[in-house]
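Please prepare a report on the fold, the chain contact and the backbone details of the model shown here.

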Amino acid sequence: MRRRAAVLLLLIPGLALGQTTTGSVTAQVTTTTQSVGQASRAECASTTSLATWNLVSSITPVVANGDKWRLGTVSTTTGCTTSGGLPTGVYQDVAATGATQSIPSVPVNTMATTAGISSCTQANDQAINLCVYYLPGGSVTGWQLAAQGDFNFQLAIPPKPVITGVTPGDSQLSVSVTAGTTTATETATKSVTFTVSCTPGAGGTAVTGGPGNAGNITCSGLTNGTAYTVTATGLSAAGNGGPTSDATGPSSATTPLPFSSFWEVYKGDGGVETGGCGTGGTGALAPALALVGLLAVRRRRP
Amino acid sequence: MKKLLVLAALALALPAAAQSPVIVSKESPRWGSFQISLSPFSPNIDSEFANAVFPPYATIFGTGRPLMVQGQFNMSAWITEFGTLDVGGGVGYWEAWGQGWYQATDGTLLRGGSTKLMIIPVQVQATYRWEWFYERFRVPFEPYVRGAIVDYIWSTSGQDGVSSWTSPEGVAYRGSGATFGWAATIGVGLVLDFFDTGLSRQMDYDVGINRTLLFFDFTKSSVNDFGSKNSWQLAPSYWAWSVGLEFVF
């Protein structure tokens with residue numbers, strides 16, 4: 001019996017070493033459209049940006065006892081605390097309602113400052129750890145780390161893009177955009193998307209195209225015959241806008257026109273083809289298919 | 001002792017012999033062929049516009065010849081000591097991209113928007129390949145001739161998909177269809193087996209490919225619904241060359 005218990009302890013490392021398994025937690029900014037686990041420069045700096053934390057705790061709280069959660073953040077180099085003094089929370093301590101719980105309205109800016117992010121306009125992204133501490137009976141005595149997770153303050157911005165060409169179309173402009181060269185302060189290169197802006201040369205409301213990957217991005221719904229000024233902007237994964245590209249136009253190359261397609265040109269010039277299936281072809285194809293069939297039958301004959 | 005040594009040697013040799021395929025010199029029965037080819041292609045649509053300043057095809061797509069890729073599958077219908085008559089079918093793909101145009105009031109031609117002409121050539125064909133030179137004298141060339149009935153399934157598109165044009169009388173013409181015609185080909189295949197007969201036999205043994213040819217041919221064709229006055233000419237104006245590989249199995 002004692003041997004079985006020893007084997008069991010060896011098979012479960014946490015039990016053998018007297019450790020507890022930590023749960024997991026994610027956070028999503030909810031005041032703007034944002035992917036789980038990241039925040040932009042604007043959301044980092046804003047005092048109104050809020051996030052929802054979703055935790056799966058390794059500890060099942062006793063609701064009747066008044067158990068609480070404390071939410072904390074820390075730089076990834078430090079990591080979540082497991083012993084010693086209970087870290088400061090980024091939000092008020094929350095009444096625990098279960099091992100799986102969703103906690104809304106956590107201020108994003110406090111998440112950043114508590115983790116030691118001094119500036120939301122740094123050139124590089126800042127990864128932090130989310131830490132959820134279990135407070136038995138709401139007391140700071142006997143606290144335990146109940147869940148931890150990762151979060152990224154995506155602070156880098158993309159470099160100034162380059163417009164390599166503009167092709168006018170019918171009520172649209174197709175803009176060829178390439179990523180610019182990174183600098184010391186414009187470092188974002190992964191998952192960068194681009195938007196293009198087409199503004200009437202004589203002034204007026206700009207039309208935006210994208211976001212899309214580097215390549216051709218289209219401004220649609222433009223006015224034929226109007227020359228536009230075209231610019232492009234890069235967006236990082238979290239939506240940080242970089243510097244705007246140099247402007248192209250207004251010129252004839254940035255003027256949408258009702259261009260004719262090949263078929264329209266051909267027919268407009270008096271081309272005789274009428275489209276549809278050929279009239280003389282079906283009759284000609286039938287004997288050919290019959291010949292193929294005849295030869296195949298003949299080959300099989302002994 | 002000597003007998004024991006011989007038995008031991010045989011015992012060692014047998015597994016190796018069992019693993020190595022015995023490649024027989026007699027080739028497997030032939031029953032067909034497959035080929036894939038590439039050919040620079042440009043339809044002679046502008047033949048309708050002999051005196052035009054801006055003939056539509058050349059103005060929009062240029063004078064280049066984008067590659068047409070084609071595959072053919074044939075069944076051997078008649079095999080003799082002189083050669084083989086194959087019958088079968090084929091399909092391919094070709095497209096050309098260009099920019100549309102807009103004629104300004106001062107007559108200036110402005111370019112913009114993208115437009116495309118796409119052709120899927122489908123055909124049935126009969127090919128006679130003269131194999132006598134190679135079979136009799138081991139000269140690694142096999143001339144061939146081919147006749148085909150073709151159907152070019154085509155589509156033109158602009159910025160908003162398949163093009164359409166409405167005449168001043170209000171009749172709409174959709175820019176897609178199929179045009180029939182004929183093609184005649186003369187070519188020669190270089191028998192690659194000649195250069196490595198061992199590999200050739202191995203291919204026959206492993207996958208049943210009796211012969212591999214690198215071919216080069218010229219095709220003259222006419223694809224205008226056999227002279228219909230309501231059809232354009234989708235065949236090139238020239239003898240179109242193509243190059244490819246043929247596998248006889």
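The report below goes from the contact between the chains to sheets, cores and single residues.

**Contact between the chains**

The structure is a predicted model, and its two chains meet in a contact that takes 41 residues from chain B and 38 residues from chain A. On the side of chain B that touches chain A, the elements that give two or more residues are helix H2 (56-61) and the strands E2 (67-79), E3 (83-103), E4 (109-130), E5 (141-158), E8 (172-174) and E9 (176-191) of chain B. Of these elements, E4(B) gives the most, with six residues. Sorted by class, this side of chain B has 19 nonpolar, 17 polar and five charged residues.

**Chain B as a whole**

Chain B has four helices and 11 strands, and 38% of its 249 residues count as buried. When the contacts in chain B between residues at least 6 apart in sequence are considered, 66% of them join residues at least 24 apart.

**An open sheet in chain A**

Strands of a sheet pair through backbone hydrogen bonds, either parallel or antiparallel. In chain A, four strands form an open sheet with antiparallel pairing, in the order E12-E11-E14-E15. Strand E12 (207-212) and strand E15 (241-244) of chain A are the edge strands, each of which pairs on one side only, and neighbouring strands of the sheet are turned against each other by 20° on average, direction ignored. Inside this order, strand E11 (residues 193-200) and strand E14 (residues 228-235) of chain A pair over eight bridges in the antiparallel sense, with Phe194(A) standing opposite Gly234(A) in E14(A).

**Nonpolar cores**

The largest nonpolar core has 56 residues, of which Trp53(A), Val106(A), Val132(A), Val175(A) and Val196(A) touch the most other members. Strand E7 (residues 126-135) of chain A supplies the largest share of this core, namely seven residues. Not counting residues up to four places away in sequence, Val132(A) touches Val25(A), Leu55(A), Ser57(A), Trp69(A), Leu71(A), Ala146(A) and Ala147(A).

**Backbone details**

| Cis peptide bond | Omega |
|---|---|
| Gly210(A) to Pro211(A) | about 5° |
| Gly249(A) to Pro250(A) | near 5° |

Ser171(A), in the loop between strand E9 (162-169) and strand E10 (172-178) of chain A, has a phi near 60°. Why does Ser171(A) count as partly exposed? Ser171(A) has 16 C-beta neighbours inside 10 Å, and a residue is partly exposed when this number lies between the limits of 12 or fewer for exposed and 20 or more for buried. Phe226(B), which is not a glycine either, has a phi of about 55° and is found in the loop between strand E10 (211-222) and strand E11 (240-248) of chain B. Phe226(B) is partly exposed because 18 other C-beta atoms lie within 10 Å.

Note on methods. Residues are numbered from 1 along each chain as its sequence is written. Chains are lettered from A and ligands numbered from 1 in the order in which they are written. This is a predicted model: local features need pLDDT of at least 70, side-chain atom pairs count only at pLDDT 80 or more; totals for chains, interfaces and linings use all residues. Two residues are in contact if their C-beta atoms, placed from the backbone, lie within 7 Å. Ala, Val, Leu, Ile, Met, Phe, Trp, Tyr, Cys and Pro count as nonpolar, Asp, Glu, Lys and Arg as charged, and the others, Gly among them, as polar. Two strands pair if DSSP finds at least two bridges between them. Axes are lines fitted to C-alpha atoms, for helices over the stretch in contact, and angles run from 0 to 180 degrees between N-to-C directions. A nonpolar core is a set of buried Ala, Val, Leu, Ile, Met, Phe, Trp, Tyr and Cys residues joined through C-beta atoms within 7 Å.
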